[in-house]
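Subject: Structure handover

Hello,

Here is the structure that I said I would pass on. Please look at it first, then read the notes below it.

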Protein chains: 2
Amino acid sequence: MQNPAAVSSLNSSNPARDARLAIRSGEHNTHTGGVAPGHVQANMVILPKEYAQEFQTYCMLNPKPCPLLAVGDAGDPSLPTLGEDIDVRTDLSGYRVFENGKEIEVASDITSYWRDDLVSFPLGCSLSFEEALVQHGVPLYHRQRNGRPATYVTNIDTAAAGRFNGKMVVSMRAMSAADAIRAIQITTRFPNVHGAPVHIGDPEAIGIEDLDYQQFGGTPPQMRPYDVPVFWACGITPQIVVETVKPSFCITHLAGRMLVTDLLNTDLAIL
Amino acid sequence: MQNPAAVSSLNSSNPARDARLAIRSGEHNTHTGGVAPGHVQANMVILPKEYAQEFQTYCMLNPKPCPLLAVGDAGDPSLPTLGEDIDVRTDLSGYRVFENGKEIEVASDITSYWRDDLVSFPLGCSLSFEEALVQHGVPLYHRQRNGRPATYVTNIDTAAAGRFNGKMVVSMRAMSAADAIRAIQITTRFPNVHGAPVHIGDPEAIGIEDLDYQQFGGTPPQMRPYDVPVFWACGITPQIVVETVKPSFCITHLAGRMLVTDLLNTDLAIL
């Protein structure tokens with residue numbers, strides 16, 4: 001007789017929903033890398049209604065770092081277009097709670113913080129295009145070491161919207177020039193998950209003086225002879241913007257702990 | 001009353017055909033840059049039937065440097081899919097005639113050389129994608145100086161087919177990293193006119209030791225701070241291959257003097 005867990009997994013028709021239930025129950029309490037392969041995972045920013053429209057405009061003006069996948073209704077923790085049963089208060093395994101721009105708690109459930117004026121902003125994430133890169137045979141060094149891509153603050157100004165403004169954060173993946181050309185082609189197909197790179201080559205051109213200095217603790221970058229560094233806009237951008245703007249209240253996901261959605265990464269390809 | 005020539009030009013419905021007639025009559029006897037804007041211009045290689053299938057396979061295996069737009073029938077100087085009235089013996093303003101790999105004449109008409117075993121191979125040319133780049137606002141420095149792009153022999157082996165083999169020739173255009181990313185996207189849409197670049201960044205990675213040394217006399221390259229050199233496969237590749245293989249007889253176009261076809265560059269975009 002088969003192991004009942006294995007049977008349940010074999011019979012499951014929605015691994016994304018299974019993952020959310022496991023996170024909600026506390027059974028899964030770590031990062032979501034490798035969870036529900038093929039499914040879109042989302043960065044999360046949750047803000048009071050008084051900031052919502054400004055932030056939404058900020059995302060609209062900066063679609064590469066802030067690709068909005070949906071917008072919640074004020075006070076409503078569901079996101080029906082991303083998954084019927086989603087509850088953003090319980091379905092991520094880690095949250096950062098901010099007051100006036102200062103982190104006041106790292107939590108695994110934000111039900112006690114929920115308010116009827118909070119609006120959820122799920123944002124596309126590079127895991128989606130990384131899947132496409134790997135499927136097309138583009139090696140990603142940080143994945144070979146089970147790490148995260150290196151990330152950097154640049155001197156590129158994002159477009160301001162009301163109180164929201166700041167420098168763009170980028171993630172960097174080093175690869176051969178031929179793979180860089182292929183990676184530009186592949187990620188161009190995914191405008192809702194950061195899209196094409198914002199820079200290739202000399203890091204100094206976008207204000208990065210030292211690839212070995214990372215502010216957000218990604219895997220130390222690796223470069224082989226003739227490799228080209230390729231830089232994509234990064235979903236960390238709205239987090240540092242929030243820290244700069246210091247809204248009275250804000251909740252974000254904790255790094256690596258994303259919302260697992262029912263969408264397929266392939267659904268996001270425009271061609 | 002209007003000038004009759006101006007009237008004739010205004011009434012013309014096919015500027016490509018007009019250009020071919022002007023070249024055929026000797027009225028236009030120089031390069032074809034800027035002639036019949038929007039129309040595809042073609043590199044030309046003409047070989048005896050005994051080499052034709054091998055060369056055709058060579059083009060098939062190396063679509064980036066040798067993008068075949070059509071193939072003539074043996075002994076037939078017409079290319080009906082590129083223009084109803086085309087006569088490849090008279091419709092280019094300059095030809096190079098080779099015997100056993102050595103140039104024996106530069107001619108403006110090859111009617112006297114025509115044989116009933118000759119096969120014409122018109123190949124796509126970078127003028128088509130340059131038009132798209134300029135339309136999309138990507139500056140091309142050599143055009144601002146009315147010149148040709150810099151070209152180089154690389155250490156990249158083309159795929160061999162029978163007697164045909166050799167190193168790939170590339171053209172280089174320097175631009176900002178942001179423009180390079182955009183140029184990769186734009187030229188990806190044009191696989192029949194060299195398509196996406198074959199390399200970006202460090203020239204040494206493809207065996208080019210000095211960007212200031214050019215074997216084929218293009219405009220000296222210009223680089224601004226933080227510019228990225230972008231390298232495309234070049235239609236000169238089959239010419240140096242022919243010089244290496246030394247077929248008993250061969251005719252090519254003279255640099256810059258292309259066949260002007262009825263096709264529109266926009267017809268070649270795959271999306």
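Some terms come first. Helices (H or I, at least four residues) and strands (E, at least two) are DSSP runs, numbered from the N terminus. Two strands count as paired if DSSP finds at least two bridges between them. The model is predicted, so local features need pLDDT of at least 70 and side-chain atom pairs count only at pLDDT 80 or more, while totals for chains, interfaces and linings use all residues. Residues are numbered from 1 along each chain as its sequence is written, and chains are lettered from A and ligands numbered from 1 in the order in which they are written.

The sheet in chain A

Chain A has an open sheet of four strands in the order β5-β6-β8-β7, with antiparallel pairing. The edges are β5 (150-157) and β7 (199-200) of chain A; each has a single partner strand, so one side of each is left without a neighbour in the sheet. Strands of a sheet pair through backbone hydrogen bonds, either parallel or antiparallel. β7(A) is joined to β8 (residues 228-233) of chain A by two bridges, in the antiparallel sense. A:I200 has A:V230 of β8(A) as its bridge partner.

Helix α6 (residues 177-188) of chain A lies across β6 (167-175), β7 and β8 of chain A and runs at about 20° to β8(A). For such angles, axes are lines fitted to C-alpha atoms, for helices over the stretch in contact, and angles run from 0 to 180 degrees between N-to-C directions.

Where the chains meet

Two residues are in contact if their C-beta atoms, placed from the backbone, lie within 7 Å. By this rule, 16 residues of chain A are in contact with 16 residues of chain B. On the side of chain A that touches chain B, α6 and β7 of chain A each supply at least two residues. α6(A) gives the most, with six residues. The residues on this side of chain A divide into eleven nonpolar, four polar and one charged. Here Ala, Val, Leu, Ile, Met, Phe, Trp, Tyr, Cys and Pro count as nonpolar, Asp, Glu, Lys and Arg as charged, and the others, Gly among them, as polar.

Leaving aside neighbours within four places in sequence, A:A180 is in contact with A:M175, A:I200, A:V228, A:V230 and B:I200.

How are the two chains related? Chain A can be laid on chain B with an RMSD of 0.0 Å by a turn of 180° and a shift of 0.0 Å along the axis. The two copies are thus related as by a two-fold rotation axis. The superposition is by least squares on the C-alpha atoms of residues with pLDDT of at least 70 in both copies. Of the residues of chain A, A:Q185 comes closest to the rotation axis, at 3.2 Å (C-alpha). Because 100% of the interface residues of chain A are also interface residues in chain B, the copies meet through the same surface.

Two positive phi values

A residue is buried if 20 or more other C-beta atoms lie within 10 Å of its own, exposed if 12 or fewer, and partly exposed in between. A:N146 is not a glycine, yet its phi is positive, near 55°. A:N146 sits in the loop between α5 (141-144) and β5 of chain A, and counts as exposed because it has 9 C-beta neighbours inside 10 Å. A:K246, also not a glycine, has a positive phi of about 55°.

Regards
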